[in-house]
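Thanks for coming, everyone. Please have a look at the sequence and the model on the screen.

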Amino acid sequence: MEDDIQEEVLSQFKERRLGGWQVLQLTAGTGLAVYAVWAGILMPGFRRVPLRLQVPYMPASRAQVSNVMMLLKGRSGGIADLGSGDGRIVLEACSKGFSPAVGYELNPWLVRLAYFHAWRAGQHKSISYRREDLWKVDLSAYKNVTVFLAPSVLSLLQKKLLAELPEDALIVAGRFPFPDWTACKVEGDGVDRAWAYHIQELRHRYQSQDVHEETS
Ligand SMILES: C[S@@+](CC[C@H](N)C(=O)[O-])C[C@H]1O[C@@H](n2cnc3c(N)ncnc32)[C@H](O)[C@@H]1O
């Protein structure tokens, strides 16, 4: 009996055709919902960041975090994750002894979530998530920097890192490599791949390129 009713309702539903106005309403409603999630949850805090520098949140996978940690093996000192999301890379680095372990993140929801994860892991006192624009942060104190950003910003970020980081700094990029640099070490495959760069090597290469260009 119940099955008959269900079938009847289903067949009525199938027979009903959506008119143009209903399709328009459905499309507009979906678009509005997507925009609300985008503006309210994924991208708040980005109003003052130029559109070409805005990078949406996409968390690193377990494999990506583990590849980053492999590349940081044997290193110590302070670490900064630029665009730290829910804080997973900073939290892992903190548990491996990096100190200070700092994440820079513009999205206030993600900063709160990151602190929640750190609190749950009992690490909230040794970790710091700052709601700051990574482009305005002075990076000169960090010996280790991790970056999971979009290709559109990596070229500009190269200049900032070269100008500010100390000579013994190591940079680890996940998901996308820096466009003009050659990595000293690579870990993982496909989308999980991560690349490490020694700032000293990069500066030497740039200096010798400049000398070569001047003399030729
Ligand atoms: C692809 S996600 C990476 C998140 C995290 N590092 C991870 O690997 O799980 C990039 C993050 O950078 C943040 N972000 C983008 N531009 C930023 C900026 N100018 N200053 C601070 N954070 C920024 C975004 O909100 C987003 O959470």
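Start at glycine 83. One of its polar backbone atoms sits 2.8 Å from a nitrogen atom of the ligand. That is a polar contact, meaning a pair of N or O atoms within 3.5 Å. Before I go on: this is a predicted model, where local features need pLDDT of at least 70, side-chain atom pairs need pLDDT 80 or more, and totals for chains, interfaces and linings use all residues. Residues are numbered from 1 along each chain as its sequence is written, and side-chain values use heavy atoms, without hydrogens or water.

Alanine 60 places a backbone N or O atom 2.8 Å from a ligand oxygen. Leucine 106 has a backbone N or O atom 3.3 Å from a ligand nitrogen. How much of the ligand does the protein bury? Of the 600 Å² that the ligand exposes when taken alone, 99% is buried. Those areas come from the Shrake-Rupley method with a 1.4 Å probe. In total, 24 residues surround the ligand, each with a heavy atom within 4 Å of it. Among the closest are Glu105 and Asp133.

Now the strands. β2, residues 101-104, pairs with β3, residues 127-130, in the parallel sense over four bridges. Pairing takes at least two DSSP bridges. Helices (H or I, at least four residues) and strands (E, at least two) are DSSP runs, numbered from the N terminus. From β2 the chain passes through helix α5, residues 108-120, to β3, in a right-handed β-α-β crossover. Right-handed means clockwise from the first strand over the helix to the second, with the strands pointing away from the viewer.

Last, two backbone details. The serine 99 to proline 100 peptide bond is cis, with omega near -5°. Proline 100 lies in the loop between α4 and β2. Arginine 175 is not a glycine, yet its phi is positive, about 70°.

Conventions: A polar contact is a pair of N or O atoms within 3.5 Å; within protein, one must be able to donate a hydrogen and the other to accept it, and residues adjacent in sequence count only if both atoms are side-chain atoms.
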